[in-house]
Amino acid sequence: LGAGTGISSVFPLGYDFFLLGYASGMYLWGEEEDPSRDYKTNTNEYGFNASMAVAYYIPVASITISLGGRYQQIIIKYDGNNDEITPDSESRFYGVTLTAVYTFNI
């Protein structure tokens, strides 16, 4: 479970090109369990993710194509003292994004 907050923006570059960006933070809490090792502990996780892309809108097709990148980092803190896990662990995810969105009205 958790909560997050963020901000995003779109900047027109001209000729149907746009710069898209967002950044957000998150805080999660929960329980990690492994019945095979008789292991159970509470966790707190916090982190952020960000993305930036250049988009092109094709008006005649109602399609937006964007190319950019995304980065996410999460830090996990475990309650208690257990030798089987690292007290603080970190997870990173990053890469290139390519998106196509078709827009229509209902």
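A residue counts as buried under 20% relative accessible area, as exposed over 50%, and as partly exposed in between. With 78% relative accessibility, tyrosine 15 is therefore exposed. Please keep in mind that the structure is a predicted model.

Tyrosine 15 sits in the loop between strand E1 (2-14) and E2. The loop between E3 and E4 holds serine 62, which at 21% relative accessibility counts as partly exposed.

Tyrosine 15 also belongs to a nonpolar patch on the surface, together with Leu13, Phe17, Val54 and Tyr56. Together these residues have about 550 Å² of accessible area.

**Aromatic pairs**

How many aromatic pairs does the structure hold? There are five. In one of them, the rings of phenylalanine 17 and tyrosine 56 have centres 4.7 Å apart and planes at 40°, so this pair is tilted. The pair links distant parts of the chain, with phenylalanine 17 in strand E2 (residues 17-34) and tyrosine 56 in strand E3, 39 residues apart. Strand E3 covers residues 39-58. Tyrosine 27 and tryptophan 29 make another tilted pair, at 5.8 Å centre to centre and 35° between the planes. Ring pairs also link Phe48, Tyr71 and Tyr94 into a cluster.

| Residue | Relative accessible area | Class |
|---|---|---|
| Phenylalanine 17 | 37% | partly exposed |
| Tyrosine 56 | 32% | partly exposed |
| Tyrosine 27 | 37% | partly exposed |
| Tryptophan 29 | 42% | partly exposed |

**The nonpolar core**

Now to the interior. In soluble globular proteins, nonpolar side chains tend to be buried together. Which residues form the largest nonpolar core here? The five are Met26, Tyr39, Ile74, Ile76 and Tyr78. Strand E4 (residues 63-78) gives the largest share of this core, three residues.

Isoleucine 74 shows how one core member meets its surroundings. Leaving aside neighbours within four places in sequence, isoleucine 74 is in contact with Met26, Glu45, Tyr46, Gly47, Ser89, Glu90 and Ser91. Met26 in that list is itself a member of the core.

**A salt bridge and a loop residue**

Glutamate 90 forms a salt bridge with arginine 92, and the closest N and O atoms are 2.7 Å apart. A search of the whole structure finds one salt bridge. What is the accessibility class of glutamate 90? Its relative accessible area is 43%, so glutamate 90 is partly exposed. Arginine 92, at 53% relative accessibility, counts as exposed.

Finally, have a look at aspartate 79, in the loop between E4 and strand E5 (88-102). Aspartate 79 has a relative accessible area of 36% and is therefore partly exposed. Not counting residues up to four places away in sequence, aspartate 79 touches Thr41, Asn42 and Asn44. Aspartate 79 and lysine 40 are 39 residues apart along the chain, and their C-alpha atoms are separated by 9.9 Å.

Notes. Residues are numbered from 1 along each chain as its sequence is written. This is a predicted model: local features need pLDDT of at least 70, side-chain atom pairs count only at pLDDT 80 or more; totals for chains, interfaces and linings use all residues. Side-chain values use heavy atoms; hydrogens and water are left out. A nonpolar core is a set of buried Ala, Val, Leu, Ile, Met, Phe, Trp, Tyr and Cys residues joined through side-chain atoms within 4.5 Å. Buried means under 20% relative accessible area, exposed over 50%, partly exposed in between (1.4 Å probe, protein chains only). Helices (H or I, at least four residues) and strands (E, at least two) are DSSP runs, numbered from the N terminus. Contact means heavy atoms within 4.5 Å. Patches are made of residues with over 30% relative accessible area and no salt bridge: like charges are joined within 9 Å, nonpolar side chains (Val, Leu, Ile, Met, Phe, Trp, Tyr) within 5 Å. Accessible areas come from the Shrake-Rupley method with a 1.4 Å probe; for residues, only the protein chains shown count as cover. A salt bridge is a side-chain nitrogen of Lys or Arg within 4 Å of a carboxyl oxygen of Asp or Glu. Rings of Phe, Tyr and Trp (its six-membered ring) pair if their centres lie within 6.5 Å; planes under 30 degrees apart count as stacked, over 60 as edge-to-face and the rest as tilted.
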